[in-house]
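Colleague: I'd like to learn how to read contacts, cores and salt bridges in a model. Could you walk me through them?

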Amino acid sequence: MTFFMHRLAEALAGDGPDEIPMPAMRPSAPEAFIVGSDRHVALRSYVEQLVSEANAVIVDPVSHLTLFDEVGGDELAFTITCNSHVARVATRFAGGHATGQIISDDLPREEPYELSGPEALPDLIIRLCLVAGLRNSSSPHLS
């Protein structure tokens, strides 16, 4: 198992720290088109790996994470869902600039924020799982 898988397994077993992690974020700000598109591709590539690893750890298949891509108009976006909890990561392209944003009811919404980078994704996924109430029992039910 990877470090992330161990960390998620501990969190879902209740063996980890009691606090729910907060992904590293920064206020959304326009940046060069190529920088924003590169950042989005890096986030999207890594999140696919993490969602697969998380689903290998989550015991209840009904609670597996889902990952949806949105392409069209003036933005690229992907959405991660865990039960009824959702995080949408988008990059909007306008006026030769790209602006990232993360939207989730489980994160602060005072002003537009974006993830600081791919290193913020493990905390985002663990947070989604914990706020959704996921817990793995110590002895998984086998059918």
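Modeller: Gladly! Let's begin with contact, which means heavy atoms within 4.5 Å. Keep in mind that this is a predicted model.

Colleague: Which residues does I125 touch, not counting residues up to four places away in sequence?

Modeller: I125 has contacts with F4, V47, L50, V51, A54, L65 and I80, once residues up to four places away in sequence are set aside.

Colleague: How should I read a nonpolar core, then, and which members touch the most others in the largest one?

Modeller: The general idea is a set of buried nonpolar residues joined through side-chain atoms within 4.5 Å. Here the largest nonpolar core has 32 residues, and I125 and C129 are the ones that touch the most other members.

Colleague: Which elements each supply at least two residues of this core?

Modeller: Those are the helices α1 (3-13), α2 (33-57) and α3 (121-131), together with the strands β4, β5 and β7 (113-115). With 7 residues, α3 gives the most to this core.

Colleague: Let's turn to charged pairs. How many salt bridges does a search of the whole structure find?

Modeller: The general idea is a side-chain nitrogen of Lys or Arg within 4 Å of a carboxyl oxygen of Asp or Glu. In this structure the search finds 10 salt bridges. One of them pairs R26 with E31, where the closest N and O atoms are 3.9 Å apart.

Colleague: What are the closest N and O distances from R88 to E70 and to E75?

Modeller: For E70 and R88 the closest N and O atoms are 2.9 Å apart. For E75 and R88 the closest N and O atoms are 2.4 Å apart. E75 belongs to strand β4 (residues 75-82) and R88 to β5, so that pair links parts 13 residues apart in sequence.

Colleague: Which residues do salt bridges with shared partners join into one network?

Modeller: The network consists of E70, D74, E75, R88 and R92. Within this group, E75 and R88 are both buried, whereas E70 counts as partly exposed because its relative accessibility is 32%.

How values were computed
Residues numbered from 1 in each chain as written. Predicted model: local features only at pLDDT ≥ 70, side-chain atom pairs only at ≥ 80, totals over all residues. Heavy atoms only, no water. Buried < 20%, exposed > 50% of the residue type's maximum accessible area, 1.4 Å probe, protein only. Helix = DSSP H or I, 4+ residues; strand = E, 2+ residues; numbered from the N terminus.
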